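Take a moment with the sequence and the model before reading on. We will go from the overall fold to a few individual side chains.

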Amino acid sequence: MGIIIEVKYAHDKDLDRACREAVKQIEYTGYEGNLEDDGVKNIMKYGIACYKKRCRVMLAEK
């Protein structure tokens, strides 16, 4: 199993948008391909957004 985590700071307090941007960055940069090349079949992708002491986590759809 592989796990990809991208963390963003939500400067404008919009945690949902920052999570979506983090997930989009995972897809855009192709991190998943590196794990697949190593034989990893089950890959979980998480976008995490933080603002001060608040945090939100979003699991990317497969």
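What pattern does the protein chain follow, read along the sequence? The answer is β-α-α-β-β. That makes two helices and three strands in the protein chain. Keep in mind that this is a predicted model.

Start with the overall dimensions. Along its principal axes, the C-alpha trace spans about 40 × 20 × 15 Å. The protein chain has 62 residues, and 31% of them count as buried. Its accessible surface comes to about 4,500 Å². Carbon and sulfur atoms account for 50% of that surface.

Next, consider how the chain meets itself. Take the contacts with a separation of 6 or more: 61% of them are between residues 24 or more positions apart. Charge is the next item. The protein chain carries 12 positive and 11 negative side chains. The centres of these two sets lie 9 Å apart.

Now turn to the aromatic rings. The structure holds one aromatic pair. Its partners are Tyr9 and Tyr51, with 5.9 Å from centre to centre and 35 degrees between the planes. Why is the pair called tilted? An angle under 30 degrees would count as stacked and one over 60 as edge-to-face, so the rest, including this pair, are tilted. The pair links distant parts of the chain. How is each of the two covered? Tyr9 counts as partly exposed because its relative accessibility is 41%. Tyr51 counts as buried because its value is 12%.

Stay in strand 2, where Lys45 has its place. Is Lys45 buried or exposed? Lys45 counts as buried, because its relative accessibility is 6% and the cut-off for buried is under 20%. What does the side chain of Lys45 make polar contacts with? One partner is the side chain of Glu27, at 2.8 Å. Another is the side chain of Glu32, at 3.0 Å. Lys45 is then in contact with Ile4, Ile26, Glu27, Glu32, Met58, Leu59, Ala60 and Glu61.

Compare a residue in helix 1 (residues 15–29), namely Tyr28. Tyr28 counts as exposed because its relative accessibility reaches 73%. Tyr28 and Ile43 are 15 residues apart in sequence. In space they are 16 Å apart, C-alpha to C-alpha.

Finish with the backbone. Most residues other than glycine have a negative phi. Which way does phi go at Lys13? Lys13 has a positive phi of about 75 degrees, although it is not a glycine. Lys13 lies in the loop between strand 1 and helix 1. With 53% relative accessibility, Lys13 therefore counts as exposed, since the cut-off is over 50%.

Lys52 also deserves a look. Its phi is positive, about 55 degrees, and Lys52 is not a glycine. Where does Lys52 lie? Lys52 is in the loop between strand 2 and strand 3 (54–59). Lys52 is exposed, because its relative accessible area is 66%.

Notes: Residues are numbered from 1 along each chain as its sequence is written. This is a predicted model: local features need pLDDT of at least 70, side-chain atom pairs count only at pLDDT 80 or more; totals for chains, interfaces and linings use all residues. Side-chain values use heavy atoms; hydrogens and water are left out. Helices (H or I, at least four residues) and strands (E, at least two) are DSSP runs, numbered from the N terminus. Buried means under 20% relative accessible area, exposed over 50%, partly exposed in between (1.4 Å probe, protein chains only). Contact means heavy atoms within 4.5 Å. Accessible areas come from the Shrake-Rupley method with a 1.4 Å probe; for residues, only the protein chains shown count as cover. Lys and Arg count as positive and Asp and Glu as negative; His and the chain ends are not counted. The place of a charge is taken as NZ of Lys, CZ of Arg, CG of Asp or CD of Glu. Rings of Phe, Tyr and Trp (its six-membered ring) pair if their centres lie within 6.5 Å; planes under 30 degrees apart count as stacked, over 60 as edge-to-face and the rest as tilted. A polar contact is a pair of N or O atoms within 3.5 Å; within protein, one must be able to donate a hydrogen and the other to accept it, and residues adjacent in sequence count only if both atoms are side-chain atoms. Lists of a residue's contacts leave out its neighbours within four places in sequence.
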